[in-house]
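Biologist: Please put the model up, and we will go through its packing by question and answer.

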Amino acid sequence: MKKNIRYALILLTICAVSTFFLALTNSITAPIIEEMDIQARLKALEAVSGGHEIGEQHDVDGVHYVSYQIDLSDGGNPAGWILGLKTNGYGGEMTLVASYTLDGVMQYAQLLNHSETPGLGKKAEESWYMEKFKNTGGSNPVPTTKAMLSAGDAQAVSGSSVTFTAIAKAIAAGSNYVKGLGGAL
Amino acid sequence: MKLNMNELTKGIFKENPVFIIVLGLCPTLGVSTQVSNALGMSAGVLFVLLFSNLLISALRNFIPDSIHIPAYIVIIASLVTIIELVMHAFVPALYSALGVYLPLIVVNCIILGRAEAFAARNTVMDSILDAIGMSIGFALGLILISVIRELFGSGTISLFAMGNFDGVIRIPWFYNNPIRVMSLAPGALLLMGYLKAFFDWKSARKKG
């Protein structure tokens, strides 16, 4: 009994010291990481806005994949939407932003946070990756399986089917959500 | 104080963690698609191995055998989390490139293996030398694999961007004629097999 208490106290001491150093490191790095995340998100919104004016962000509740929406306008006229999308890839949750026209055609998309495997799913953060979804969601369906891609595109996502399917389903869900809005801002 | 230089040099060639002891193959094969990833992973492993060996050696008489594994894991996981937070804040490009392999240093067999096999039984100074030697050995192995994979797979050598230099050296001919399989997982396994066979042959020849 006495021995077990001694072991517990030793582990508690090691854990307490580790926690102190982790908390110290976190207090130094957290503000820097938060600021970088904000800048990365703003940069991504700018990149997917297609030059339109970016409006206010509104949270979306109860819609699978869609976490928030931002209206896009052109000289005061509605031009489309940016949606914040959440999906699950091979390495866990992925967040991305995608812009749509008022009738749900995907224009631009960019991956924000993810833990996909370098060399495989991680390719999704490169700009060429999202090109295969551009102008889909309207009369062209969003390719949600590799069979719907050209041979070259299918080869490019080879080895990362889970990542591709997760992104494709999120983009397709975003397109359907925008269509459900009926063009209203 | 007399330094036991054998502890430093053994990890580089004689007991190289990648090619001789064959430890830590998951990150070795996973991140070796680019030389810059190999350099970043080597720096991460050096930091974690150095401090874990140092702390575990210093605490070897304080940590009882019955609880040594949870104690080592707490120490190693804390060190990995610290390096992860620091890289995320100050070297975001490298943090992003290493991806999931950075937190996986926690379960890198080299770290726990050296803690168990060496640091828990030897002095702090010998443990530091062992950590440095093993880290250099791991770095050399990782860099060798990544240079070959990136050269043949992409025709480039990726370093870090500085000023006008974008960080990528494009090698003529190889750049226009890449052997794509070398960038993929099968290429890593094939290359590892050939290199392991080569090092085994070299060791056998040395032993006579």
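**Sheet, helices and interface**

Modeller: This is a predicted model. In chain A, helix α4 (residues 161-181) lies across β2, β3, β4 and β5, and runs at about 145 degrees to β3(A).

Biologist: In what order do the five strands of the open sheet in chain A come?

Modeller: The pairing in this sheet is antiparallel. Its edge strands, each pairing on one side only, are β1 (53-59) and β5 (106-113) of chain A. The order is β1-β2-β3-β4-β5.

Biologist: What angle does the direction of helix α1 of chain A make with that of β5(A)?

Modeller: Helix α1 (residues 2-48) of chain A packs on the sheet. It touches β1, β3 (77-89), β4 (92-100) and β5 of chain A. With the direction of β5(A), the angle is about 165 degrees.

Biologist: Are α3(B) and α6(B) roughly parallel or roughly antiparallel?

Modeller: Helix α3 (residues 35-58) and helix α6 (residues 109-119) of chain B have axes 10 Å apart, at an angle of about 30 degrees. Angles under 35 degrees count as roughly parallel. Therefore α3(B) and α6(B) are roughly parallel.

Biologist: How many residues of chain B are in contact with chain A?

Modeller: Chain A contributes 22 residues to this contact. By class, its side has 11 nonpolar, nine polar and two charged residues. On the side of chain B, the number of residues is 27.

Conventions: Residues are numbered from 1 along each chain as its sequence is written. Chains are lettered from A and ligands numbered from 1 in the order in which they are written. This is a predicted model: local features need pLDDT of at least 70, side-chain atom pairs count only at pLDDT 80 or more; totals for chains, interfaces and linings use all residues. Two residues are in contact if their C-beta atoms, placed from the backbone, lie within 7 Å. Ala, Val, Leu, Ile, Met, Phe, Trp, Tyr, Cys and Pro count as nonpolar, Asp, Glu, Lys and Arg as charged, and the others, Gly among them, as polar. Axes are lines fitted to C-alpha atoms, for helices over the stretch in contact, and angles run from 0 to 180 degrees between N-to-C directions. Helices (H or I, at least four residues) and strands (E, at least two) are DSSP runs, numbered from the N terminus. Angles under 35 degrees count as roughly parallel, over 145 as roughly antiparallel, 65 to 115 as roughly perpendicular and the rest as oblique. Two strands pair if DSSP finds at least two bridges between them.
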